[in-house]
Amino acid sequence: MLKLYCAPNTISVAVVAALNEGVHWEQKRIDFKSGEQTKPDYLALNPKGRVPVLVTPEGPLTETGAILEYLGDTALPQLVPADPLQKARMREVMYYLATTMHVNHAHKMRGYRWADQQSSYDDMTAKVPETMTASCAYLEPQIVGPYLFGPEPTLADFYLYAISCWLEGDGVKTSDFPNLTAWKATMETRASVQKTLADGFVG
Ligand SMILES: N[C@@H](CCC(=O)N[C@@H](CS)C(=O)NCC(=O)O)C(=O)O
C-alpha cells in the first residue's frame with residue numbers, strides 16, 4: 001500500500017487530498033513541533049528534511065509535483081488532461097506553484113534558509129502579503145471555473161488547494177479574488193477535500 005509522510009497545513013495536503021480521490025493509502029504524520037523532519041530517521045528517508053514523501057512499491061518519492069504526476073500516471077489518470085497542450089498548461093500552473101508561490105510563502109517562517117540576520121527575516125516576512133497577493137492576481141484570470149481548467153479538476157487543482165489554505169494567514173485579502181474564492185468553495189464540495197479537512201489536515 002502507498003504510504004505518505006505528511007503534516008497538516010503543509011504542501012503535503014495537496015497529495016493527501018489527491019490520494020483521497022480514490023487511492024488506498026496509509027499516512028504517517030510527521031511532528032513538526034518536535035522537528036521530526038530533521039531527525040536522522042526521517043533524513044534517511046528524505047535527506048531534504050521536508051514533507052511530503054510518498055513511499056511507492058519501488059521506493060520513496062519526493063517533491064509534491066512529482067508525486068502528483070506519479071499518481072496521475074498510476075492511480076488517478078482522471079486528473080490528467082489527455083490533450084498535450086492542456087497537460088502542459090496543468091504543469092505550467094504546478095511549476096509556478098512549486099517554484100514561485102510556495103517559495104513566496106516560505107519567506108514568512110523559513111527566512112533562515114536564505115539569510116542569517118533577524119532583520120532579514122523580518123523583511124522577508126513583511127513582504128509575504130505582497131508576494132502572495134501578486135501570485136493570486138496572476139492566477140485569478142486563469143481560473144476557468146468551476147475548476148482551474150473547466151468542468152473537471154486536474155492535479156493542479158489539488159496542488160493549488162493546499163496553497164490556498166495559507167492565503168489568509170499570509171495576509172491576502174481573498175475577497176479581492178472572486179474566481180479563486182469560488183474555486184476553493186468548489187474544491188471543498190469534493191468528498192476527497194472534505195475528508196482531508198475532517199482528518200485535521202487544515203487549520
Ligand atoms: N519542493 C518541495 C518542498 C517541500 C517543503 O518545503 N515542505 C515543507 C512544508 S510546506 C517542509 O517540509 N518543511 C520542513 C522544514 O522546512 O523543516 C515540494 O514541493 O514537495
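**Exercise 1.** Does C165 count as buried, partly exposed or exposed?

*Solution.* This is a predicted model, in which local features need pLDDT of at least 70, side-chain atom pairs count only at pLDDT 80 or more, and totals for chains, interfaces and linings use all residues. Residues are numbered from 1 along each chain as its sequence is written, and side-chain values use heavy atoms, with hydrogens and water left out. The classes are buried (under 20% relative accessible area), exposed (over 50%) and partly exposed (in between), with a 1.4 Å probe and protein chains only. The relative accessibility of C165 is 24%, so C165 counts as partly exposed.

**Exercise 2.** Determine how many disulfides the structure holds, and describe C136.

*Solution.* A disulfide is a pair of cysteine sulfur atoms within 2.5 Å. Searching the whole structure gives 0 disulfides. C136 is in none, its nearest cysteine sulfur being that of C165, 12 Å away. Seen from C165, the closest cysteine sulfur is that of C136, and 12 Å is too far for a bond. C136 has 0% relative accessibility and therefore counts as buried.

**Exercise 3.** Describe how the strands are arranged in the open sheet.

*Solution.* Helices (H or I, at least four residues) and strands (E, at least two) are DSSP runs, numbered from the N terminus. Two strands pair if DSSP finds at least two bridges between them. The open sheet has 4 strands, ordered β2-β1-β3-β4, with mixed pairing. Its edge strands, each pairing on one side only, are β2 (25-29) and β4 (59-62). From one strand to the next, the twist averages 25 degrees, where angles run from 0 to 180 degrees between N-to-C directions and axes are lines fitted to C-alpha atoms, for helices over the stretch in contact. Strand β1 (residues 2-6) and β2 run parallel and are joined by 5 bridges. In this pair, C6 stands opposite R29 of β2.
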